[in-house]
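This report goes through selected salt bridges, a surface patch and a pocket. The structure is shown first.

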Amino acid sequence: MGSATEYNRRDLFKRAAAITVLAAGGTSLLAACAGGSGSSDSKSGASPTLGSDNKNPFGVKASDALDVVIFKGGYGDDYAKVFEDAYKKAYAGANVSHLGTQEISGKLQPRFNAGSPPDVFDNSGAQAMKADVLVSADQLTDLTVLLDAPYLDDPTKKIRDVLLPGTVEQGTINGKMYSLNYVYTVFGLWYSAKLFKEKGWTPPKTWDEFITLCGTIKAAGIAPFAHQGKYPYYANYVIFSLIAKQGGLDLVKKINACDATAWDDPAVLAGVTAFNKIMEGDFLLPGTNGMTHTESQTAWCQGKAAFIPSGSWLENEMLASTPADFDMAFLPIPSLPNDKLPATALWAGAGEPFMVPSKAKNKAGGLEFLRMMLTKDGSSKFVATANSLTVLKDGVNADVPLKPGTKSSAAAVTAAGDVTFNFSFQDLQTAFDAEVENATNELVNKRISPAEWVSRGKAATSKKV
Amino acid sequence: MRHRKTPFIFGFLVVPVVLYIALVIWPYLQTFGYSLTDWSGASPDMNFIGLDNYTKLFQDSAFLDALQHNLLLLIVLPLATILLALFFAFMLNVGGKSGTGGVQGVRGSAFYKVVFFFPQVLSVAILSVLFQGVYRTDKGGLLNGVLIGLGIVDENHPWDFASNPTFGLWCVMGVIIWSGVGFYLVLFSAAMQSIPKDIYEAALLDGAKRGTTFFKITLPLLWESIQTAWVYLAIAAMDAFALVSTMTPGAYYGGGPDHHSEIMATLLMRNFITYGKAGYACAMGVVIFFITLVLSVVSLRVTRREKIEF
């Protein structure tokens with residue numbers, strides 16, 4: 001998640017594809033199960049170790065083929081071909097096979113079940129395989145070896161030194177990093193700087209200011225707040241940012257770990273109570289609770305609502321519907337009194353997870369491919385085509401022009417410095433996340449109170465993987 | 001030439017039978033096997049755990065709720081669809097002005113037949129998009145737009161239709177019925193047209209009214225078609241996955257808000273794909289299979305009647 005692929009993830013037609021699995025009263029679902037004929041003797045081989053050769057630290061054999069699978073979503077798959085060409089240049093004998101697809105699960109699940117996965121794959125989109133499931137089935141390579149490998153542009157540095165904060169954590173399950181999330185995303189509120197300038201509104205710094213401004217906006221005849229109601233995890237970007245800033249990084253860690261005691265922290269109730277003021281003030285865009293992300297974001301682009309929560313893929317996702325002079329801007333979630341984190345602190349994380357299967361034939365090649373993606377040139381090419389930042393620190397060449405939203409989120413990343421936090425449960429604890437999403441949906445519909453939301457969240461921790 | 005006939009028939013049958021066994025029967029059997037394991041769906045590894053999945057399944061309140069929703073569908077869907085289809089079919093075929101000129105449908109029945117059948121040619125994906133537009137929760141939605149325009153609904157508090165905990169499932173049911181009536185209308189029409197007109201004419205001469213001809217003639221002679229329709233609709237009610245997962249809110253395959261429109265199929269998919277509990281999901285699949293099978297057999301048995309020859 002956390003990428004323009006979001007647009008596709010919830011897309012109806014992707015689901016329709018999943019639907020065919022059940023179409024014949026379960027017949028084809030059963031066919032889907034029929035892939036599991038792999039032998040059990042292909043237990044995961046040893047992870048490649050780090051050699052002393054900076055050019056080829058994993059010991060890639062030039063003669064080994066490399067099998068790459070890329071999610072062909074909002075970013076297309078052409079960017080990957082740039083990296084594949086670089087790989088071919090370095091290892092002239094290697095036959096690189098490329099598959100760009102939207103059906104990650106459909107194409108890869110049978111291969112995992114048969115014990116012959118690709119060497120590196122981009123696990124994104126509507127049909128991404130669940131990382132927590134893959135890890136507990138022992139299907140992924142621990143990428144620590146990649147983090148310790150030399151950085152290609154400057155071999156005195158290690159890869160781990162040039163990644164933006166949060167990248168490693170985002171890919172970490174049970175203490176080991178299993179995915180390199182390549183696209184850097186910040187989560188917060190978005191507004192039209194043009195609209196705010198016209199009306200003379202100042203972007204709020206504190207939550208009290210935010211609520212007061214919401215009143216002003218409502219009086220001006222515009223709905224203050226829209227969210228992607230049919231998918232309640234967008235509203236959770238606001239709630240959990242409030243909680244994180246109030247409670248600090250330790251609390252974030254505990255929530256991600258599905259620690260039930262985290263929910264007794266007063267910061268949790270404080271955060272969700274603050275959020276609930278939006279409902280108390282009746283500040284929601286009418287109908288937003290039942291709208292899809294496309295519907296509500298379009299309404300927001302049309303100026304029907306002032307604020308909307310989302311990640312920084314929003315700009316690329318809404319390119320077609322955004323008026324030319326919209327001047328999209330990013331606002332970190334405003335702060336509460338006595339916050340443990342500064343107002344500039346951000347929910348920031350990495351999306352578009354690249355993984356190397358533990359049973360890959362050319363594991364070294366897969367790792368080397370990831371290392372090649374993390375060069376300034378490669379990163380810049382990606383930024384220019386996708387209007388999104390990568391996880392490489394300062395990974396944009398000066399000559400790459402940025403759109404206003406991307407520029408504004410890049411500025412927020414700089415202002416935040418090292419103080420970022422990241423909730424990984426949305427990707428890594430999906431059963432827990434689903435319950436929290438349900439609770440949030442009840443909250444925005446005013447069917448439960450903030451206190452009930454907290455107790456439901458606490459109960460959901462029992463769903464830990 | 002008798003010895004030639006057997007290989008000839010066998011040659012025709014062997015390919016479909018082999019395909020059927022390989023693509024339908026064998027996966028079914030495999031699913032029975034997987035349902036006894038802790039398979040994650042993402043690796044070749046699995047352990048045999050006996051009937052654990054099944055005991056867990058019947059203690060899983062989410063599954064039992066979903067089962068209830070399916071049972072609700074099972075009652076409402078066939079009943080509403082068949083009654084509507086029967087009513088329309090009767091009106092289109094024999095419901096016209098009685099008395100003069102024998103038996104005919106209402107005026108313009110050929111046109112209505114096409115109109116009624118139209119929803120049937122739409123794919124489920126299109127139905128879903130169409131009705132998301134109808135049920136949209138702001139004034140851009142067809143229903144809300146009309147209701148707000150008429151002043152029945154407050155513009156600032158539009159109706160939430162499919163995302164309403166009480167009415168969500170009924171909204172989906174409405175779509176399934178809307179799309180299904182046309183097909184069964186045509187099915188029943190065909191059956192009605194095969195009923196000899198002299199039976200109706202005789203009844204009309206004896207002074208029978210529309211209601212009498214329907215209950216004494218049409219319905220008994222249509223029994224087999226209705227029985228077929230019932231079984232098909234019962235199977236559809238055990239599925240309903242496509243529309244529920246796309247039209248209702250909620251994380252991973254809909255079923256919301258807060259499981260209020262959860263059905264067995266959405267729960268199955270979420271467990272299989274999202275939670276990596278493929279073995280558990282297979283157990284659900286097996287349960288759905290048996291419920292559907294039992295339902296079909298029972299409804300065919302219960303509705304068995306003496307065949308009427310004419």
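## Salt bridges in chain A

A:Arg447 is partly exposed, with a relative accessibility of 31%. The model is a predicted one. A:Arg447 forms a salt bridge with A:Glu442, and the closest N and O atoms are 3.0 Å apart. A:Glu442 has a relative accessibility of 5% and counts as buried because that value is under 20%.

A second salt bridge joins the side chains of A:Lys458 and A:Asp264, at 2.9 Å from N to O. This pair links distant parts of the chain, 194 residues apart. A:Lys458 belongs to helix α21 (residues 450–460) of chain A, and A:Asp264 to the loop between α12 (249–256) and α13 (266–280) of chain A. A:Lys458 has a relative accessible area of 32% and is partly exposed. A:Asp264, at 48% relative accessibility, is also partly exposed.

## A salt bridge in chain B

In chain B, the side chains of B:Lys139 and B:Glu155 meet in a salt bridge, 2.8 Å from N to O. B:Lys139 is in the loop between α5 (124–135) and α6 (142–149) of chain B, and B:Glu155 is in the loop between α6 and α7 (168–193) of chain B, so the pair ties together parts that are 16 residues apart in sequence. B:Glu155 is partly exposed, its relative accessible area being 41%. Over all chains, the structure holds 13 salt bridges.

## Nonpolar surface patch

B:Phe8, B:Ile9, B:Phe12, B:Leu13, B:Val17, B:Tyr20, B:Ile21, B:Ile25, B:Trp26 and B:Leu29 make a nonpolar surface patch of about 1000 Å². One of these residues, B:Ile25, is placed in helix α1 (residues 2–34) of chain B. B:Ile25 has a relative accessible area of 34% and is partly exposed.

## Largest pocket

The largest pocket holds about 870 Å³ of space. It is lined by 37 residues, of which B:Asn271, B:Tyr275, B:Gly276, B:Lys277 and B:Tyr280 are the closest to its centre. By class, the lining of the largest pocket is made up of 12 nonpolar, 15 polar and 10 charged residues.

Helices of chain A and chain B supply residues to this lining. At least two residues each come from α6 (131–136) and α20 (430–444) of chain A, and from α2 (52–57), α3 (61–93), α12 (264–274) and α13 (278–302) of chain B. The most is given by α12(B), with 4 residues.

Definitions and conventions:
Residues are numbered from 1 along each chain as its sequence is written. Chains are lettered from A and ligands numbered from 1 in the order in which they are written. This is a predicted model: local features need pLDDT of at least 70, side-chain atom pairs count only at pLDDT 80 or more; totals for chains, interfaces and linings use all residues. Side-chain values use heavy atoms; hydrogens and water are left out. Patches are made of residues with over 30% relative accessible area and no salt bridge: like charges are joined within 9 Å, nonpolar side chains (Val, Leu, Ile, Met, Phe, Trp, Tyr) within 5 Å. Accessible areas come from the Shrake-Rupley method with a 1.4 Å probe; for residues, only the protein chains shown count as cover. A salt bridge is a side-chain nitrogen of Lys or Arg within 4 Å of a carboxyl oxygen of Asp or Glu. Buried means under 20% relative accessible area, exposed over 50%, partly exposed in between (1.4 Å probe, protein chains only). On a 1 Å grid over the protein atoms alone, a cavity is a set of points where a 1.4 Å probe fits but cannot get out, and a pocket is an open set with protein on both sides within 12 Å along at least five of seven lines; lining residues have an atom within 4 Å of a point. Grid points are joined across faces, edges and corners, and a volume is the space filled by probe spheres set on the points. Ala, Val, Leu, Ile, Met, Phe, Trp, Tyr, Cys and Pro count as nonpolar, Asp, Glu, Lys and Arg as charged, and the others, Gly among them, as polar.
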